[in-house]
Structures are given as structure tokens and as C-alpha cells.
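Work through the exercises below with the coordinates open. Each task is followed by a solution in steps.

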Amino acid sequence: MNMVNIKINNRDIKVAKGTSILNAAKEVGITIPNLCYHPDQEVKANCRVCVVEVEGARTLQASCATEVKEGMVIRTNTQKVRQSRKVVIELLLANHDMDCISCKKNNQCGLQEIAANIGVRESRFENVLVKQEIDTSSPSIERNPNKCIRCGRCIQMCNDVQGLAILDYVGRGGSVDVKPAFGMYLNSAACVACGQCSVVCPVAAITEKEDIEQVWEAINNPNKTVVVQTAPAVRVSLGEEFGLEPGKIVTGKLVASLRALGFDKIFDTDFTADLTIIEEGHELLQRLKEGGTLPLLTSCSPGWVNFIEQYYPELLPHLSSCKSPQQMFGALAKGYYAEKIGKKPKDIYSVSIMPCTAKKFEAKREEMSVDGENLDVDVVLTTRELAKMLRQAGIDFNKLPEEEYDAPFGLASGAGVIFGATGGVMEAALRTVYEVVTGKTLENLDFMAVRGLEGIKEAQVDLDGTIVKVAVAHSLSKARQVMELIKEGKADYSFIEIMCCPGGCIGGGGQPFGGTDELRIKRINAIYEADKGLPIRKSHENPAVNKLYEDFLIKPLGEKSHHLLHTTYMNRKK
Amino acid sequence: MSNKEITKNMLTARFDVINPDSIDEYISHNGYTALKKAMSKTGEEIISEVKIAGLKGRGGAGFPTGLKMEAVSQADGSPKYIICNADEGEPGNFKDRYLMEKDPHQLIEGIIICAFAANINNGYIFIRGEYINAINIMEKALEQARVNGYLGDNILDSGFNFDMEVYSGAGSYVCGEEFALLVTIEGKQGRATYKPPFPTTVGLYNKPTQINNVETFCNIPHILNMGGKEFSKIGTDSSKGTKLVCLSGNIVNPGLYEVELGVSIRDIIEKLGKGVPNKRAIKMVQLGGASGPVIPENMLDIKLDSKEMSKLNLNYGSGAIIVMDDRIDVLDILKRIIEFFHHESCGKCTPCREGLTQMLILLDRFTDGIATNDDLAILEILMETMNQSSICGLGQAAPTATQKVLEYFREEFTNKINSTDSIVV
């Protein structure tokens, strides 16, 4: 590697050519404060917090945007630098509502943290904030322009990763805002509610729509049996909220924490993920056999379902009719479990803990109701909201014991767990479809070709002489590429898994703030580790799922399945 | 000294002599001869002539033109682009408009020579939207140049292909900043970005791009015609050639003048501009435009010479000279300047976007008579931050006039402080 010699704060170091000053400083243990910089995004250099002195330069230099050069002499903490950073933070605060106490991101805010670290307690400038309406139109995310620092991280996420461009800069100069075109509400714009903007927002300008209070009410209502399901991806990220190493698997503590909060039954969405594989696998086989519309597209990611309904409705026949695991669970909770325990659907309060903001939208779709009156999933909480509830209840997460899920929806296979990572649904499906079709035992369960962070992945399997080509895509910019291939007739795949968020659900819009690729890889590794550690790793071998078919559903794609586990879609082009 | 001794008509020699709509008249007045000369040389030879000439950019920053041409010609990447910055949004400037309206082919010839030197095949002339007349004249001139074989394929049988078109901005000031200008051509919002990398390596569509001001390009044919060495004899050691100055404000004869670099500002004001109406005293003079420094009357003997001026932390910028007599309200002038930048800021970076709003509030406190010592202290800290930490020249230069007023006319502020309260800031 090409190295250059530089001096940072009188310390001589060698760093790789092309390194930014910001990252070079990190190597010698100096954190340069920054707000708009994000390691996975293009450098924006607009917040101007990370400025440093570079010998010979006329002005201070943004360390995120300045590459080191041989012989460069850098000072990160001079009086000039300190003063400039302080003024910049004060300027931001002077156009901000300064309402930290009631802020949803109190103690999790980049601006607050830097202000505290550099010693800004109040702004010497007059507050010029012109209060704007908070956009609460979306059931998934909330946009509070009074907190926005115009850093543009959300814009890059929405534009470059998701390819949607719902958010952009509007206006110029002092009146620049970040909002949908023409100031539209989020629910009128063609937003898919993925919440990726909220993951990268350093302040509280975009957050999840908070639904915690309703859950407290239900838990405290003696007439309600409150059941909760936990998505695969939550168990590998929740620990981050409590200072644990990213990628730490906290399944047992997660279950214990929910019990401690007062939920009556703790179930696992992985169970219905297994169920999804059985149903979707058979749907695929049926389409292959009967010449149905191919490629079949997965339907478990609600941000992705929103995308195809709004942007490619002409391709809806490709979409699997299977509900997502969350909604399969909800339907079973109200349409099966309620009766099983002698209750009416309305007496069951069904909560789900999801890494996702679009799930909040999905749960509110009116067709997601088995009795036509009550929603199958009453409330969706994100990973972040669950962490908040635990903090509110004063539960010391790290001291919790490891506990087990409740029956009958607590047992899951490794195939259900890997739903949380991009490629996981495909891998789970292949494990089952292979054995169902060939009748043989699959030797190697690990389909490495569909794993990892590459945007579009391909694989093929030999089903007793029939070669089936499959593909996997994550993030909507990649989904769009795949949709275009299908439209051009160039997608010669039988089955395609699409996840809305980068990395799959582990990178979901409801996951802990500040997600980066580095973090996503750690969570993905944890997901596969969890899979490896389970005694059952194929959905069709999950005895609880098989029992459900025996006792109730009878057979995949059967009448009961059709009623409870499958759905229809609509053209929602905007 | 008469006018004749101060003015030197080189770039303006054909003004009102030829019909700008006629390429034939341009050709009959020595037009396109430099291009023919250039085409008998190699690119390196042309660039070398420009380096010998010592020409520096006329848009305000004063970067050596030969070095810029060399950087583009040596940069990796294809295609390369050449862009003429004719956005001329800086208040007080109107020289580029005249250069385009009075002698469009001089500009076109200069651009073609530079394109030939760096083997560039595509170019744009980015003209501010308000310059409707200049846009029409340039478009017509480009078409004539095409018809006459100076643009298009195989120019003058040299095997060199080059064409360009007019791109009209929508009148945003910041689009004169080269990156904001570039992204506008790409169809994006006109917002500045960080540098380096400079456009010479990563420019339009991320390709190497040469961007120069109108006046800079207009010098090129003269360098080719007289040779770099001869050109370098005009002006001073550190500032070669002539300069178009835009004289305005409280002046008897405002207008456009071409002078040899090295003349004093006082000579320009008194000999060319005939002084201030009614012989009033000069309070201050602003150089370069709204983003430029102001100087008091007793500094007017300073010469248009980059070395001499830089000693005082000054520069002549793009050549505007705005004269203000003793009737002006200095703070009112500063407020107008800051209002202008506040309106024109792209809003991308914090110091400029938020800082200009705060500067206006603080200046208001002085004019409202409620300012304190703290206000003055925080104003100065704010301006230093804007100057040091803004992402582009707009935010960096916006406080310049105010900073210079505090340097030369501090009493304008301290007289208005209405309180003795002092908290250490």
C-alpha cells in the first residue's frame, strides 16, 4: 500500500495515501467531531464541524473531505479550530428548537453530544428558528423540521441507496429545508416508509412514529392478553442499545426483557418465518409446475411491497401472495391462538418487535384483519422503541437472565433466523424446496452465493436435473434494477428475494441509530452464527410448524392458509 | 497624465469599431489570426507561451492561467471540457458583458485556442440568465464561427474537432462559483462543494475541466499574436497585461475602462472617472465587488498590482471599483451587502447559511442602537469562522467588507455601541 508521512498534533504517523484527515486522526486516537460525515456515504463536507488546521492552507479544512498528503502538518485542536467548531455548533443551535429534554433522541443525538463535548451549553446567537409543522402523516416515520441541521445524510440515503429521492433540499440560503418535493406530506409523497432516513439522521429530524404508550396501556389492561412476537433481526442488534458489542446475540435476554415488561406471551416471528417458507416454497413449486408467473418475488419486506405497489404495479403478479411473517403471526394470533385459549380476537392484543418502520404501515393495512374488525397486529414497535420501553421501566438489560420463548409459536429453525439477513429467505427456501422436490437430504446447508453485502447476488440449484436460477437483491436501488430486468424480459430467474433495506432486515429502518456497513456485517455474521447453533435448520423440519399443519392448517396453500396466510396487493402508483 | 496614458486598449480595441454581429469585420480586424498561429504550434508550446506571458485569471482569484491549462492537458480522463465562466454575478461588475456584446469572436477565439492546447473537444459558455443580449450575440457568433469553419469538425483543416454552446444560468449568484456552475450544467441544484479535487482533474461530469473567466480567455489571442514575452512586458512584475475595470458608485464618469496593470486606484478614479460629483470627499472604495475589501481614501494610491496589494491583504479581484463618498452610511452599506449574500447563499454549509442570518441580526443591533461590546466581539468571531470554515468563496468572502470596515473604520461600530456591559466572550 502507498503510505504517506504526516504529522498530526506533533505526532509523526504513516497512513495510507487517500485517507481523509478525519480517518487518519482516528488512527492516532483522535476523534474529530462531525455531523454530516457518514462512512458509507459520499463526502458532503457541509456541516463544517470537522475543520482542522493544515499548515500552508489559507483557511481551515474540512477533515472529512481533505485527503492526507506527504508531509502534511495537521493540528486538530488549536484555539482557531476550537473557536470555529464552537461557533458552527452555536449557529446550528440558534436555528434549532433546543428542546433536548422532550426530544425523542435525548442522549442519542449527535448535535447534543458534540455540543456537550466541546463545551457549548447555549448559543450566543439569537434563536432564529421559524417553527414548522411536524409531519406525522406517515404511520411509520415522523419528520420534525425544527430539529433538522440540513446535513443531507437522509437525502443521500433516500437518493443513492434507495433510489427514491423523496427527500431533497428545497429552497436556498437561510431558508433551505430538507423535505419532500413541494412540501408534500410523507404519506402523499411516494415514500415507502423504509425509515432508512431515520437511521442515518444524526439528530431527531426524522424518527420512527412512536407507539410506546399504546403498548403500556395494553399491558396494564387486565382484559387484554398481550402477546408479542420478535423478528429475527432484533436479537442481533438490541444489545447495541445497551452498550453491547454489535453482533452480540441476545435472544434469551430479549425474551426475558419482554417478560419483565409484562407481556403475557413471548413468541418468535421466526416461527412464522418457517411457516412462510413452507407456504412460499409450495407457491414456487406450484408456479413452476403449472406455468405460473415467474420469477416469483418474495413478499416479506413491507418497504419492498410498498415499492412494487407504488413504482412497479404492473409486476404485482410476480409477487408472492404470502403475507409477511409478521402478518402470518398476527393472523394466527387472532384467528387461531385466541380460540385455542378460549378468547375472542379482540381480547388478544398483538404486538410485534421489528427492525422496521414499514411494518407499522403494513400492520395498518385494512386487509390485515381476520375478523374484519380488529387488526391482526395491533402495534409494531421498532428495536429502538423496545430499548426505550426497557429504559422507561428501569430494566437493566445486561443483568437479565436468558429465557425461552413460549409455546406454541416459540420454536423456530435456523432457516427462520436467517430471514434477518439479505439472502436469508432465499437460503431458507432452497433448503426446503430442495428436500421437498428431490426427497434427498441436503448435504451442505450453507448457500454462500446468496450471502453477503453485494447488491445483487445470483445462484442456481439442481433440483434433480432441473436447474433453478435464483437471485437476491437488497436496497431499493438494486430492486429497481431487477424490476427493469424483469420488464425487459432479461430476468431468467425462477425466484427472487428482495429486501428493502441495505443488508436485509438487520439493516432495517427501525434498528439502532447510526447503522453502517461495518455494523451490518457484524449483525449478519451473528445471524448465521445463531443459525449454526440451532438443532433444527430447515423450516420443514420445525416440529411446531408441522404440528400446526396437522392440527389446524391441514396443508400448505390449503383453504385455511389461503384465508389466514395469504393476501392480495393493489396498484398504489402515485 | 491624460486618459490615453492610463488606458490601454487591447481587449477593448475593437469595441465600437467593428459590428459584433459580423464575423467578417472581426476577421478583417486581425481576427482568428491567433488561432491560425496556435494551430501551427503544439499544445505544450501554446501553454508555454501563456506561462511566459504571466497571465493570471481575471475572475477574481488570480490563479496563473498557464498552470491551469497545463493541469487540464496533463489530467487523466476523457472527454475533457472547457467552460467559460460568464456568470458575472458579482455586484459592480459588467466587463464580461461588454466583452461578449462588443467583441464576441475575441472570446470564442480564445476558448478555441485553449481547447486546442489541451485537446478538448467540447465546451460551454455559461452566461448568466439576465444577460439576454449577450446570450443572443454569443449564440449568433458561435453559429457564424461554425459556418466559417472555426468550430466543428476538422477546424481549419487541422484535424482538430471542437464545438461549444451557450448555457444560460437562472441568475443565481453562487453559480459563478465554479463547482456550483458545473453541477448546474449537469442539471443539478446550483450548490457549491469542497475542493480539492479541483475541476482541472474532477470537473464537469467528473472529467478534467478548464474553467476560466471571459476576460481571461479574451487575453489568449493577444498572447498568441504578440508572443508571451511581449505580453509579459505589459503591466508590472507580479501583474501582467491589462485589466478591465468597472468603475461605479459616486463617480462623475462611471463605466468600463481598460488599463495597464500597475496604475493606481486614485488615477483610475480621478483621471478616468473624473472624481466624485460636486467634489465631495471619498469615504471608502470597494474593490472587486460586493465580496471585496473596502479601503479608505488615504489608501487610494495603492496600485493594481497583486504583490503590492497582497501585502495589505487586499486584491483587485475581478476589477470592480465602487466609489462611495462621505454621505454614505457605512453600516447601511454593509447591511445591503450582507442582505445580498444572505439572499444568494446556496445554504449548503453551516457558517454561510446560518452565519449570514446572524450577521444581519447583529448589524441590525448596531443600526438600532442596542448593540453591546459583546455583540461586536461575537460579530468578529462569527466573521472569522465564516471566512475560515465556509465551504466556498461565497461564505468565505461575504464578511470581507465588514471585516475591512472594522479594520479601517472601527469607530463606525464602536460609536454605535450603546452599553458598557461587558461579559468576556
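The model is predicted, so local features need pLDDT of at least 70 and side-chain atom pairs count only at pLDDT 80 or more, while totals for chains, interfaces and linings use all residues. Residues are numbered from 1 along each chain as its sequence is written, and chains are lettered from A and ligands numbered from 1 in the order in which they are written.

**Exercise 1. Describe the overall build of chain A and of chain B.**

Step 1. Count the secondary structure, taking helices (H or I, at least four residues) and strands (E, at least two) as DSSP runs numbered from the N terminus. Chain A has 18 helices and 17 strands.

Step 2. Compare the radius of gyration, taken over C-alpha atoms, with the globule rule, which is 2.2 Å times the number of residues to the power 0.38. For the 574 residues of chain A the rule gives 25 Å and the radius of gyration is 25 Å, so chain A is as compact as a globular protein of that length. The C-alpha trace of chain A spans about 75 × 55 × 50 Å along its principal axes.

Step 3. Repeat for chain B, which has 19 helices and 9 strands. The radius of gyration of chain B is 22 Å, close to the 22 Å from the rule for 425 residues, so chain B is as compact as a globular protein of that length. Its C-alpha trace spans about 75 × 50 × 35 Å along the principal axes.

Step 4. Find the buried share, where a residue is buried if 20 or more other C-beta atoms lie within 10 Å of its own, exposed if 12 or fewer, and partly exposed in between, with C-beta atoms placed from the backbone. Buried residues make up 54% of chain A and 55% of chain B.

Step 5. Look at sequence separation among contacts (C-beta atoms, placed from the backbone, within 7 Å). In chain A, of the contacts between residues at least 6 apart in sequence, 73% join residues at least 24 apart.

**Exercise 2. Characterise the side of chain B that touches chain A.**

Step 1. Count: 28 residues of chain B are in contact with 28 residues of chain A.

Step 2. Assign elements. On chain B, α14 (330-344), α15 (350-367) and α16 (373-389) each supply at least two residues, and α15(B) gives the most, with 9 residues.

Step 3. Sort by class: this side of chain B has 11 nonpolar, 13 polar and 4 charged residues.

**Exercise 3. Locate the backbone exceptions and give their setting.**

Step 1. Find the cis peptide bonds. One joins Leu294(A) and Pro295(A), with omega about -5°; Pro295(A) is in the loop between α8 (269-290) and β12 (296-297) of chain A. Another joins Pro196(B) and Pro197(B), with omega about 0°.

Step 2. Find non-glycine residues with positive phi. Glu88(B) has a phi of about 30° and lies in the loop between β1 (81-86) and α6 of chain B. Lys279(B) has a phi of about 55° and sits in the loop between α12 (265-272) and β7 of chain B.

Step 3. Glu88(B) is buried, with 25 other C-beta atoms within 10 Å, whereas Lys279(B), with 8 C-beta neighbours inside 10 Å, counts as exposed.

Terms used
Contact = placed C-beta atoms within 7 Å. Nonpolar A, V, L, I, M, F, W, Y, C, P; charged D, E, K, R; others polar.
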